[in-house]
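Subject: A structure for you to look through

Hello,

Here is the structure I promised to pass on to you. Have a look at it first, and then read my notes below.

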Amino acid sequence: MHIIVRNAKCQGHARCWSQAPDIFKLDEDGYILPGNINVAERDEFLALRGARSCPERALEIDRS
Ligand code: F3S
C-alpha cells in the first residue's frame with residue numbers, strides 16, 4: 001500500500017503526523033513533505049488512521 005501525497009491541499013493541520021509520526025513527515029512549517037509514502041504491511045493500520053484524519057483530504061490511500 002502507499003499514500004499519494006497531495007501537497008497542494010496540505011494546510012499544515014499535522015493530524016496525520018500526530019497519528020503516525022514515523023510515517024508522515026512534516027517540514028519545519030508543519031506541512032507534509034512531498035513524495036508518495038510506501039507503507040509496510042505492519043504499518044498499514046496507523047497509516048490508514050493518519051491518512052483518514054486529514055481534513056483537507058491531502059492523503060490518498062492507494063492499494064494498487
Ligand atoms: Fe497536511 Fe493533512 Fe497532514 S493538512 S499536515 S496532510 S493532516
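Where is the place of glutamate 56? Glutamate 56 sits in the loop between α2 and β3. (Helices, H or I with at least four residues, and strands, E with at least two, are DSSP runs numbered from the N terminus.)

Before going further, please keep in mind that this is a predicted model, where local features need pLDDT of at least 70 and side-chain atom pairs count only at pLDDT 80 or more, while totals for chains, interfaces and linings use all residues. Residues are numbered from 1 along each chain as its sequence is written, and side-chain values use heavy atoms, with hydrogens and water left out.

Glutamate 56 is partly exposed because its relative accessibility is 30%. The terms work like this: buried means under 20% relative accessible area, exposed means over 50%, and partly exposed is in between, with a 1.4 Å probe and protein chains only. Lysine 9 is 47 residues away from glutamate 56 along the chain, yet their C-alpha atoms are separated by 6.1 Å.

Arginine 57 lies in this loop too, between α2 (44-52) and β3. Arginine 57 has a relative accessibility of 66%, so it counts as exposed. Its phi is near 55 degrees, a positive value in a residue other than glycine.

The sheet

In what order do the strands of the sheet run? This open sheet of 3 strands has the order β2-β1-β3, and its pairing is antiparallel. β2 (37-38) and β3 (59-62) are at the edges with a single partner strand each, so one side of each has no neighbour in the sheet. Two strands pair if DSSP finds at least two bridges between them.

Strand β1 covers residues 2-5 and pairs with β2 in the antiparallel sense over 2 bridges. Here you can find histidine 2 opposite asparagine 38 in β2. With β3, β1 pairs in the antiparallel sense over 4 bridges, and valine 5 stands opposite leucine 59 in β3. Now look at the side chains of β1: His2 and Ile4 point one way, Ile3 and Val5 point the other way, and all are buried.

The ligand and the cysteines

Which residues come nearest to the ligand? They are Cys10, Gln11, Ala14, Cys16 and Cys54, out of 13 residues around the ligand. A residue is near a molecule or strand if one of its heavy atoms lies within 4 Å of it. The shell around the ligand is made up of 7 nonpolar, 4 polar and 2 charged residues. In this count, Ala, Val, Leu, Ile, Met, Phe, Trp, Tyr, Cys and Pro are nonpolar, Asp, Glu, Lys and Arg are charged, and the others, Gly among them, are polar.

Two of these cysteines are worth a click. Cysteine 16 is buried because its relative accessible area is 9%, and cysteine 54 is buried because its relative accessibility is 13%. The structure holds 0 disulfides, a disulfide being a pair of cysteine sulfur atoms within 2.5 Å.

Alanine 14 belongs to the loop between β1 and α1 (15-19). With a relative accessible area of 22%, alanine 14 is partly exposed. Its phi is near 65 degrees, a positive value in a residue other than glycine.

The loop between α1 and β2

Is glycine 30 buried or exposed? Glycine 30 is buried because its relative accessibility is 16%, and its place is in the loop between α1 and β2. Glycine 30 and valine 5 are 25 residues apart in sequence and 14 Å apart in space, C-alpha to C-alpha.

Tyrosine 31 is in the loop between α1 and β2 as well. Tyrosine 31 is partly exposed because its relative accessible area is 35%. Between the C-alpha atoms of tyrosine 31 and arginine 52, 21 residues apart along the chain, the separation is 16 Å.

Enjoy exploring!

Best wishes
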